[in-house]
Every structure is written in C-alpha cells, then in structure tokens.
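Subject: Handing over the structure

Hi there,

Here is the structure I promised to pass on to you. Have a look at it first, and then read on for my notes.

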Amino acid sequence: MISFLNALSGLAAAFCGVAIANRLLIACGATVAASGFILTHAMCRAMNRRWQAVLLGGDSRSFQGEPATDVEARVESGPPSPAASNEPAETPFAKALDALQAAHRIILVPGYGLALANAQGRTVQLASRLRDLGKDVQFAIHPIAGRMPGHMHVLLAEAEVDPDMLVDLEDINPEFLRTDLVVVVGACDVVNPAAIDVPGTPISGMPILKAHEAKQVLVCNLDLHPGYSGVDNPLYQVPTTILLLGDASANLQQLLDRL
C-alpha cells in the first residue's frame with residue numbers, strides 16, 4: 001500500500017509539472033511513479049496478492065493457526081534421536097556445528113529477523129568462513145525478504161557480501177534438493193511450507209524458498225512464534241531441523257568462534 005501511494009505521489013507530481021509546464025518536474029514525477037508501480041507489482045507477485053485486493057483490504061482476514069506454545073511442546077516432546085543423551089555433544093550448538101562441518105553444499109536464507117538482530121555482518125562472516133573451509137555457499141533471497149524487494153540485497157551489501165553469492169528465488173529453488181544444509185537466519189514466512197500445503201491461510205499460494213527440501217535445516221531464529229502472517233511454520237517440527245533459538249547475532253558469533 002505504501003509503495004502504491006508513493007507511485008501515486010509521483011503521478012501527482014508529473015501532473016503538476018504538466019500544469020506549470022516544468023519538464024524537470026514531469027520527468028522526476030514520472031520516474032517516481034514508474035518505480036513505485038514496478039515495486040508494487042513485484043511485491044504483489046511475491047505475496048501472491050492482486051493489487052486490487054491490497055487496495056480494498058481483501059484477503060486480510062486473520063488466520064487462527066496452532067498456538068506457538070503447542071508447536072514448541074510438540075517439538076520438545078518429539079521422538080528422541082537414536083543417539084540422544086545428556087552429553088554436551090547433543091546440545092543444539094554442537095549439532096549445528098557438526099552439521100556445518102559435515103555439509104558441503106550450504107544455502108543461507110536471511111529474513112526480516114536478520115535485520116532486527118543486526119546480524120548481517122556475522123551472517124556474511126559465517127558464509128566467508130564456510131567458503132574458506134571449501135564449502136559451496138550461496139544466499140537464497142526471497143523477493144520480500146526484509147519486507148520489500150531489494151532490502152536484503154542492501155543489508156548484505158553493507159556487510160560486503162560477494163554479489164555472486166546472492167541468488168533469487170526462481171534460480172535457487174531447484175537447488176534445495178541437492179543441498180546438504182540450509183541455514184535460516186531470522187526468516188519464517190518465506191520458508192513456510194504451509195504456503196504450499198495448507199489452503200486458506202494468508203500465505204497460501206505465496207512463492208516460498210523450498211528450504212524444507214534440503215537434507216537438513218538449521219534455524220537461527222529468536223523463537224518458534226509465527227511470522228508476520230500469523231501462520232505456524234511446520235518446518236520447525238521436521239526431525240531434520242536443528243533449532244538454534246535466541247538472538248541470531250550472538251548465536252552466529254558462537255558458531256563462528258567454534259568453527
């Protein structure tokens with residue numbers, strides 16, 4: 001909605017330029033209008049929403065998903081792994097470290113939580129460290145990761161990421177099946193399989209990054225609560241998912257130290 005209103009402001013400026021015969025104002029207004037409409041179109045496609053529905057408030061109904069506490073309880077009470085024990089080697093950090101060291105092909109999925117935790121620097125450092133260890137590392141960028149197109153590219157560019165490591169949704173999705181480990185940093189809705197499997201939710205039909213198809217997933221999120229859509233993420237319940245909950249920046253720093 002904000003992007004659409006920005007486009008209208010540019011359109012209004014262009015009309016003002018016509019009214020006062022100012023070519024510079026016409027050109028600038030038209031540029032703002034065009035970029036705003038293009039951005040609106042890109043965001044609507046990424047969310048599987050029609051712009052008419054955005055304007056009229058359609059599909060904005062709340063979805064009463066499963067309470068986060070129930071999800072947490074089921075994850076904690078799930079079947080123990082064959083090697084489960086009270087030894088330190090079975091802590092989430094130890095499992096995460098083992099997964100990082102064993103994996104050859106790794107994809108990192110940054111999300112809005114990465115921006116909140118200001119963890120872009122440590123995320124890029126982790127990617128660089130893994131590449132130094134001989135891993136094949138890429139970043140999977142969802143069109144609305146960080147809330148709008150281009151936001152995540154800017155955040156990671158500030159952390160001096162190698163641009164060749166950034167891969168968009170359409171190009172990276174076929175690669176998840178061949179991926180040993182996906183590292184999710186502060187992302188929920190953009191990797192939520194409910195968008196594919198559960199009808200009638202606010203994200204049903206929305207294109208997602210298919211992290212659930214990888215052999216293993218490491219989730220570095222603050223908690224198990226649903227994302228902005230309010231839809232619980234079944235990815236957290238998959239046995240091959242390692243939950244490293246808490247502040248992403250601090251957790252990534254510990255992983256870096258241990259690597």
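Thr-123 sits in helix H7, which covers residues 120-132; helices here are DSSP runs of H or I with at least four residues, strands are runs of E with at least two, and both are numbered from the N terminus. This is a predicted model, in which local features need pLDDT of at least 70, side-chain atom pairs count only at pLDDT 80 or more, and totals for chains, interfaces and linings use all residues. Residues are numbered from 1 along each chain as its sequence is written, and side-chain values use heavy atoms, with hydrogens and water left out.

Is Thr-123 buried or exposed? Thr-123 counts as buried because its relative accessibility is 1%. The cut-offs are under 20% relative accessible area for buried, over 50% for exposed, and partly exposed in between, with a 1.4 Å probe and protein chains only. Leaving aside residues up to four places away in sequence, Thr-123 touches Leu-108, Leu-114, Phe-139, Val-185 and Leu-252, where a contact means heavy atoms within 4.5 Å.

H7 also turns up among the partners of helix H5. In H5 (residues 92-102), the buried residues are Phe-93, Ala-94, Ala-96, Leu-97, Ala-99 and Leu-100. They pack against H7, strand E1 (105-110), strand E4 (181-185), E5, E6 and helix H11 (248-258).

Two loop residues are worth a visit. Asn-233 is in the loop between strand E5 (217-220) and strand E6 (241-243), and with 1% relative accessibility it is buried. Which residues does Asn-233 touch, not counting residues up to four places away in sequence? They are Cys-188, Val-191, Asn-192 and Pro-193. A polar atom of the Asn-233 side chain also lies 3.2 Å from the backbone oxygen of Cys-188.

Ala-214 belongs to the loop between helix H10 (194-197) and E5. Its relative accessibility of 8% makes Ala-214 buried. Ala-214 and Asp-180 are 34 residues apart along the chain, yet 6.1 Å separates their C-alpha atoms. Ala-214 touches Phe-176, Thr-179 and Val-182, again not counting residues up to four places away in sequence.

As for cysteines, Cys-28 is partly exposed, with a relative accessible area of 40%, whereas Cys-44 is buried at 9%. The count of disulfides (pairs of cysteine sulfur atoms within 2.5 Å) is 0.

Finally, the overall picture. The protein has 11 helices and 6 strands, and 42% of its 259 residues count as buried. Among contacts between residues at least 6 apart in sequence, 75% join residues at least 24 apart. The accessible surface comes to about 13,400 Å², with 58% belonging to carbon and sulfur atoms; areas come from the Shrake-Rupley method with a 1.4 Å probe, and for residues only the protein chains shown count as cover.

Best wishes

Key. A polar contact is a pair of N or O atoms within 3.5 Å; within protein, one must be able to donate a hydrogen and the other to accept it, and residues adjacent in sequence count only if both atoms are side-chain atoms.
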